[in-house]
Amino acid sequence: MAYTEVEAEAIKERVLAALETVIDPELGIDIVNLGLVYEVEFDAETGNTIIKMTLTTMGCPLADVLTESIHEALSDIPEVKNPEVKLVWYPAWTTDKMSRYARIALGIR
């Protein structure tokens with residue numbers, strides 16, 4: 001089933017909301033507010049969904065844990081098919097990408 005542009009945008013918003021339930025175990029903040037999610041691509045024709053995200057460091061041992069949690073969170077959205085997590089390293093993550101909420105929670109100014 002193909003989705004209209006409006007429907008696809010609404011689904012992307014639901015995907016982002018679902019990603020806010022994925023908590024970084026080391027920092028205790030969700031990956032969206034940490035600024036780790038760079039882009040959500042939702043194909044309105046197929047439902048295929050790609051999450052482009054980064055990690056706080058290249059050697060972060062939590063990549064598999066976070067990927068598994070993302071797949072679990074997206075499983076509640078029936079329109080999402082074949083979710084794929086793509087790790088990207090550019091632009092590099094910095095604390096500037098964090099939301100105000102995350103900064104306050106972690107005591108960062």
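The model is predicted, and local features need pLDDT of at least 70, side-chain atom pairs pLDDT 80 or more, while totals for chains, interfaces and linings use all residues. Residues are numbered from 1 along each chain, and side-chain values use heavy atoms, without hydrogens and water.

Reader: How far apart do the end C-alpha atoms of residues 12-86 lie?
Author: The span is 27% helix and 24% strand, where helices (H or I) are DSSP runs of at least four residues and strands (E) of at least two. Its end C-alpha atoms are separated by 16 Å.

Reader: Are H1 and H2 parallel, antiparallel, perpendicular or oblique to each other?
Author: The axes of H1 (residues 5-19) and H2 (residues 63-74) come within 9 Å and cross at roughly 130 degrees. Angles under 35 degrees count as roughly parallel, over 145 as roughly antiparallel, 65 to 115 as roughly perpendicular, and the rest as oblique. The two helices are therefore oblique.

Reader: How many nonpolar residues has the contact of H1 with H2?
Author: Val15, Ala18 and Leu19 of H1 meet Ile70, Ala73 and Leu74 of H2, contact meaning heavy atoms within 4.5 Å. By class, there are no polar and no charged residues, and the nonpolar count is 6.

Reader: Which residue in E2 is the bridge partner of Val40?
Author: Strands E1 (residues 37-42) and E2 (residues 48-53) run antiparallel, joined by 5 bridges; pairing requires at least two bridges found by DSSP. The partner of Val40 in E2 is Ile51.

How values were computed
Axes are lines fitted to C-alpha atoms, for helices over the stretch in contact, and angles run from 0 to 180 degrees between N-to-C directions. Ala, Val, Leu, Ile, Met, Phe, Trp, Tyr, Cys and Pro count as nonpolar, Asp, Glu, Lys and Arg as charged, and the others, Gly among them, as polar.
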